[in-house]
Each structure stands twice: as C-alpha cells, then as structure tokens.
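Here is a colleague's note for someone opening this entry for the first time. Please read it with the structure on screen.

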Amino acid sequence: MTGKKAARPSPSSSSSSSSPTSSSPITTSKECNRALQFLQNGNHSEALKLARSIVSRHPDSAPAHSTLAAIHFRTAKLSKPKKRENFVSAVDSAEIAVVLSPNSISFSLFHASLLFELAQDDTASSSDYDPVIEECQRGLWIKNPLDPLEDNLDTDENDAENSTIELRIRTVKRNLKELLEKAKTEKLKMVAEEHPFPELNKDIKAIQDLKAEIQTRFITEKLSFEKMETPSHLPPIIPDRLSDKRKLKNLEMVISKVNTVWQAWAYWNDTMSLEAKKELLSVEIEDLNFHFIKNKALVAKAKEVLAEAVECLKVTKNWKFWECFRCGERFFNWESQKEHLEYMHLGPLSEELHSVEPESMTHISVQQTINSDDWNPVDMVAAAKLMEDLPRNEYGEYLKKVNWPYCDNKNRYTLIRKIQKILRMYLAIRCFPMSLFSILLPKIREVLEVENRIPKPVLEEHLFYKTLHSICFLEEPELKHILDFLENNIEVPCGLLLCNSLIADKARGDTNSYERIVISDDFSRLVFDERMLHGQILEIGNVDESKNDGKKDIEAIIRWLFAGGPTIFIEKLKGWTRFREASKNQGMEYFKIIQTEFCQLQKMCERKRDLLEYQKSWQYLEDICSEEQKIKNEIPGYNPQSYKSVLLNLQKKVEAEKGYDEMDSFGLELDNISCIFKKPQEENDIKSLIRVNINQTAVKLLKLDAIIMMINAAMQHTWKKLEMVTTYDYRSIVVPLLKSFMRAQLEDMVEKDAAEKSDAAAEALLSELALDDKNIEKGGNDARQGQGKLKDKKKKKDHKKAKEFKVTGGSEKQQENVEQTSFPVAHGKDYPLNPEIAGPVSNDELENDEWELKAEEEYRMLEMNLEFQKQIEYEAKQKRLAELNKAETSAGNVAEDVAFSGINFGSFDWADYHQDQGVRSDEKASEPEQEKHPKAPEAD
C-alpha cells in the first residue's frame, strides 16, 4: 500500500562510516524547529533539504524522522504532480519514528493520520484502511505512553502550564479513538459499495485449468510407472546388417524365451500339483530378501521397501500410505495427513472468521422440492380456487400430493426450468446458502400478495409461501426478475466451472486395481489369494470379473507371472523412486493452489464480517424507530416520537458523550443518520430508506455467501487432487518383487522336472537303439556300405536331437514322432537312398545342411511369434485407450477390463498358422523345402 518500505535503522547506524554528528536532543529539536520554520514560510524545498540533512546526521532520532514526515505530508498537499510519492515518503518516515519510539502515543497518532490520508486516495480499496485501524489500536494499547508534549516540537509553553500529563495523554487517546471509528466507518462503507471479487470467474477458471494440467502430468507419470508390467517376451526385429551367425544367436535367444514360457505353462497345467501351486503363492519374507542378494546394487533398496511395507501392514492392515511433501512424515490415513497439513503448514481459519462462514442448505424437504420433476407453470385462476377448497391447516407434505392445474405456456416453462437448473447446480456442488432461501421466499410472497393472485389468508393458512415450488405460480415478468436476480448475485458462471470439474472427476473415478495379497499373522509370509489359480488376478476395482461367466482362465497366472521379463523388478524399483519424487512435486503445486484459495477465503470472510457490522448499524436504527411504535401499541394514549426526532436525539446523545472510554462505538450509526438527513425526509421515507439499506446489504451478503461457499468447494476439490497425488500403494512395488522370486522358483522347478524326464527318456532311447544295432545286416557292396555309414551318422545326429529335445521339455507324443521320423530302420521300414545323396557325403556338407534347415525353421517360428505378439499388444492398447476414453466421458462407469493377453502356446498349430496366412504364404514357405529336400520315392 505504501510502496517500498523504508530501511529500519540499526542500533549501530550512528557509528557507521558516515560518522553522523552526535548531539543532545535539545540541539536536534532546534534543528527540527528550524526546518519547520522554513516550511511555514513557504520554502518547502529548503525545509525538505534541511530535514533530510538532519536525518542523515541523526538516524536514531525519532523527532528527526517525524519532522521529515511532516514536511513530506505538507509538500504532498501542495504538489499535485508528486502527491502520491510524497504521501508514501511521509508514511515511511513516520513509521520509522514509531519504531524508534514505540511508547510515543503522539507519533502513533501522526502515523495513523498519514495512513488514513493515503487510504482516501481514489485508487485505494477497503483493505487500505486496515493499517489505519491496526496503528490506532496499537496506540491505544500502549501501557506507559510518553508525554505528548515531549514529542511535539512546535509547542507553546502555556500548554504545559495549563494541562497535566494525564490530560494530554487522554486527549491524544480520544483523537486515536475518533480516527479509529472514522477508519472503520469508511472501510465498511467502501465494503458495502465495491464488488467483493471483480474477476472471480477468471481466477477460478485459471485455477481449475492449472489443476487439470497438474493432474494430466500426474496420470502420465503414473502410467509410465505402471506400464513396466506390460508383456515383453520378444526382442525387436533383428536388423539385416547383422551377420548370419549373430542372427542365428538372436533367434536361438528368442526361441529359448518362448520355450521357457511354454514349458512353464505345460508344467503348471500337466505336472504341478494343487498343493505346489498354493505353496508358490506363499512367499517367506526372509527367502525374498535372500533372493535379492544376487543384485548387490539394489538389494538395500529392495529390503528397505519390503521393511516399510511390512511396517505399514502391521499398523493398519492396509497397503496404502500417505507422505507429506513438505516434511516427509508418513501417515496411514488421509484424514491424519490433511490435519497435519492444515495445522502445521497452512494454518487454520480464526474462530471469528469461521463463525461468519455461511450455512449450507441441508433441509431434505427443500432438496426434494428442488429436484422434483413437477416444476411447470401453474394456472393461477384454477390454482386459487383449488387452494380455497383445500382442508384447513393442511400444508407441507399434503401440498406435494395436490394435482396442480398446469397450463401450456412455453415462455413460463422455459424460465421456470432455467431457475430450477441453477438451484439444482448449487445443490450439487454444495454451494446453496441458507441466505438464498431466506431472500427468495419473501420476494415470491411479496409478488403473490401484491398481485392478489391468491388471497393472503389462504397463503398464510397453508404456508404455501414457505416452499420454493411457489415459483411455478409466478408470471413471466416475475420469473424474469427471479432469474436475473440469481444470475447477477450468486456467480452462476463460477458455479458452472466448479460443477463441470466435479462431474469430470466423478466420471474419471479410481481405476486402480491391485493383486489380492495379505500378510500372515506372524508377519513372516506374504500370501496371494488362491483365486489367482482360477484366473482372478486382480481385486474387483476397474476389472469386471463377471465377464468370465464362471469360466476359469488357468493360463492367466502364467501370463501374469511372465509379464515384463525376469528383471522387471529392477526397473520397477527405479521407477518407484522417480514416481514418488514426481508426486511430491505435484503435491507442492496443489498445496500452493490451496494456499491461494485459503487467502481468498480469509479475505471474503473478513469482508463479510465487516459487512455484517454495516448491516447491524442500519438494523439498530430500524429497531430504535420500531421501539416507539411498539410502546404506542402497548400503552394507550401514548404519543410516539417521529422517526426524525428519535434519530436526532440519538445523534445528540452520541456526540455529547463522544470520546469517553465507557462510551460504545456509534461511528457507523452517526454516519447513517447524517446520510438520512442530507435531504429533507418524510416519516415514511425515513423508514423506507433504512429498510432499503438493510435489504441491499442482505443481497451483498448473499453474494459473499455464494463466493465463500464456492471457494470452499474449490478448496475441497483441490484437497481431493492432493490426496490423489500423495497416496501410495506398496503393492505396486512389492508385487513385482514377489513375481521375480516366484518366477525364479517356477523356472527352477521346470528345469528340475525337465531334467528328470530327459534322463528317463534318454535311457529308454538308448536301450531301444542297442536292440536295433543287433539287427543291422553286415556286409554288402560299396553303395550299400555308403548308405549304411550315412544311416549311422543320421542315427547319431537324431539321437543327439532327441536328447536335446527332451531337455527342452518336449511332450512324449512329440518325442515318439521324433523317433518314428528319425529312425525308420529301427521300426522295420526300408527307405531307399535319395539319388541326390547316393554318393559319399562329407561331414562339412551335412553340418551346413543342418545349419540351414535349423536357421530356416527357427526364423519362420520367429516370424509367427512376432506377428502374434504385435497383434496381442495392439489389441491390448486399443482396449486400454477405450477404457480411458470411457472413463473421461461416462460418470460413475467402471472402466473396461483390459486383460493381459499373451501367446497361447498350448493351442498353437503350424497348419492353422499357414492357413491363416493364405495360399501364397503356404506355397512360399514350401518352396525351399521342396528344393532342398525332394520327396523320397515310395518303397516297393
């Protein structure tokens, strides 16, 4: 208000490098008096120059600063171009004088007077009177005030002789009280005149847009953290620039990963017992900690997260926790964190301001009336006759059952529905103040009584004027008046902004779903719900489990377990740290918005407090005038005074006792009386003028009530956002750690089972080969011998293949096929030699042919898997987008279940794949085989 504050003098300022001259207070007073003499003679520039010189030489002298303030003030009165600048300088110098001499009551009065002059500037607002009120109150509360004569430079010696110290102090206090009342009066008058919040709509819109922008960033961070769980079994397509051997190596890696998942599914489905499956879902915390020792870089972080999660479960039996973004303190429920933020980092609203917060409409009957569907224009003539025929003393619920005679009036119907829509909106966002109800009903009753559409006795008998449904009885002009009143006094555009934000948040809902997991009673084991064995992976949240139609998805747990790869927990731990840091930053942003809204709430409550005091002053005058009429009615023959006489007598009484400590404050009442008598007034005019001011103030209070309730609603909306970004769930990080351990356990069991089956199959195969070797014929011609050698090599290679196939976990049926196709002689079949390889074949040629066949087969397998993978990921992405879009546009709908889909290895068939690819794909795939391996001629 006063611009840049002047620098406070330090205690050592007198001994600074400038070396100010030290002199007695008498010398300083003489110099100050000399400067004031220049001012009285009209030499303002010389007076100002001398005063500044005195202050520079005596910076700790309160009279010196007070003298400079007086000269600036007189200069401001005479110099219009620099009026504001001199006023600000005068206030700053007077403030320094008060700081240097805090017990000087005269300096306090001078400082408050300068502040009052500054507050009366054309550009000032009602809040500019607050410093005046504060300084006056400070001056009145000084316990041991100094003698005003000591601080008064230009004094007459006779003043000291003709008065005492007590009298002089009392005179200054009386002046302070008068200035205090004057400042309060001017402030309240300005409060009653100015708009409480000139750009409320823009401010609320800007804040709501900022909230939406912060939430968008939060959702992006959260999705980035959650999408690490998406399936990623296969690496990207192998670049062409790689060598053939490196391509083959990558192909082998891909096939190995695919086989790992396929083997795990086969083992889970065909071999693993139910008890073993349940045991896998139960994990010892000690075993889990030991599992992460292998990764030295993250073992400490993993153990820390597990310890925090177990502590949370011990305290609350819940996975969720909240963390203060300011001090880092953790809480296990939102109410505790909110209370911590309010009292430790925000500060509560004072009891005085809290007492003026408006009361919200909570009457169920009023809410039911506003939300009813029978708001239609009523035929007044038929309705008046109907009400006359109603039983006496029937009202309330009975009136709701009456079949009112409605009429077909489109204009009235449109206006009535617009009014109802506004009232419904304010009920929905909880911004319907009781004061609105109290103002609307008298307006409606006044119209119905004045127009005499329904006789007054009938209205009073049935209390029909106490229901808002009586709006339907108004004609088109009155309906327009009610609609204009609502649109101009309860900030409808701001209400729409808040309403839209609340609806959008409700539609978005909470789309978080986590696995069902609990901790054992002794807090030593984490246990997944057994429903996971039947495909119900997530708890009911945004997942609609009814879509399964009772069918068990036994493959779901394998897809869930192998989603994201074996090292996903490493990225999850890093992402957990990044996500919490981002949430803290967004929490700080939301809290700054809450601080802004809290400041707005304080200002509006202070304004309402002042406006209530202003309304009370008018109500006091009306009560005094009504008291005369009341005495006349009670005492026969009493001749009451006129309103004018009553008010004039009050004015004289207050002015006669003005300034006494025991006299109550009547500054506003005196100002109101002066306002009434500015023009000659008749008796009825005085009464009407008082009532008009009371009603106008009531309307302004209604507007303030609506604004305060909207700010409160906006704050609650921001608190919800803050709760969202500061809520964490340990399952989002603990589950990936558990999956890593469970996956390793399952892979170990699969490998052990495959090794046992491979050993058994190898022994059986070797026994069979030993029997076949005894039946091989010896001797023959060279061609026959070459063929025999080739068969021996073929058998050895097939033997090796069979063992490798066993190790990879092939089924028994597939192994039988291998035996039948690889060892025809052992089964009694005598195939002739292929004429193309009838001659001697080198080992290098055989190995080259084998390498080419293997590479070609595995590459085809890779192409198929990649094609399936792309299709699965595309469908999952489309479902996820559809879920998010539906959540944004549909209120209260539960998001679609985006089930994680993987490769169904158990139902895969090469023939189905080639059939899906079309005839050309079959021909293309078969050409290399026909060229390299022509069909053998049939045996005789």
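1. How many of the 940 residues of the protein count as buried? The share is 41%. The model is predicted, and the points below should be read with that in mind.

2. Start with the overall make-up. The protein has 35 helices and 6 strands. Take its contacts with a separation of 6 or more: 79% of them join residues 24 or more positions apart.

3. Next, confidence. Mean pLDDT for the protein is 75. A value of 70 or more is reached by 69% of the residues. Helix H6, residues 130-140, has the highest confidence, at 93. Helix H32, residues 812-822, has the lowest, at a mean of 42.

4. Two stretches call for care. Residues 1-22 have pLDDT below 50, yet the model gives this stretch 36 contacts beyond near neighbours in sequence. Over residues 231-242, pLDDT also stays under 50. Here the model has 30 contacts beyond four places in sequence. Where pLDDT is low, predicted coordinates should not be read in detail.

5. Now the sheets. Strands of a sheet pair through backbone hydrogen bonds, either parallel or antiparallel.

6. Look at how S2 is held on its two sides. Strand S2, residues 320-323, pairs with S6 in the antiparallel sense over 3 bridges. Phe321 stands opposite Tyr728 in S6. Trp322 stands opposite Thr727 in S6. S2 is also joined to S3, by 2 bridges, and these two strands run antiparallel. In S3, Trp322 has Phe331 as its bridge partner.

7. S1 and S5 (residues 525-528) run antiparallel and are joined by 3 bridges. Val283 has Leu526 in S5 as its bridge partner.

8. Turn to a helix pair. Two packed helices are described by the angle between their axes and the distance between the axes. How do H26 (residues 568-634) and H27 (residues 643-656) meet, and at what angle do their axes cross? Their axes come within 10 Å and cross at roughly 125°. The two helices are therefore oblique to each other. The crossing of H26 past H27 is right-handed.

9. Which residues of H26 and H27 meet? From H26 come Tyr620, Leu621, Ile624, Cys625 and Glu628. From H27 come Tyr643, Val646, Leu647 and Leu650.

10. His291 lies in helix H13, residues 285-291. Is His291 buried or exposed? It is buried, because its relative accessible area is 14% and the cut-off for buried is under 20%. Leaving aside neighbours within four places in sequence, His291 is in contact with Ser740, Phe741 and Ala744.

11. Finally, Ile503 in helix H24, residues 492-508. Ile503 has 46% relative accessibility, so it counts as partly exposed. Ile503 and Ala428 are 75 residues apart along the chain. Their C-alpha atoms are separated by 9.8 Å.

Definitions and conventions: Residues numbered from 1 in each chain as written. Predicted model: local features only at pLDDT ≥ 70, side-chain atom pairs only at ≥ 80, totals over all residues. Heavy atoms only, no water. Pairing = 2+ DSSP bridges. Helix = DSSP H or I, 4+ residues; strand = E, 2+ residues; numbered from the N terminus. pLDDT = per-residue confidence, 0-100. Contact = heavy atoms within 4.5 Å. Buried < 20%, exposed > 50% of the residue type's maximum accessible area, 1.4 Å probe, protein only. Axes fitted to C-alpha atoms, helices over the stretch in contact; angles between N-to-C directions. Parallel < 35°, antiparallel > 145°, perpendicular 65-115°, else oblique. Left-handed = near helix turned anticlockwise from the far one by under 90°.
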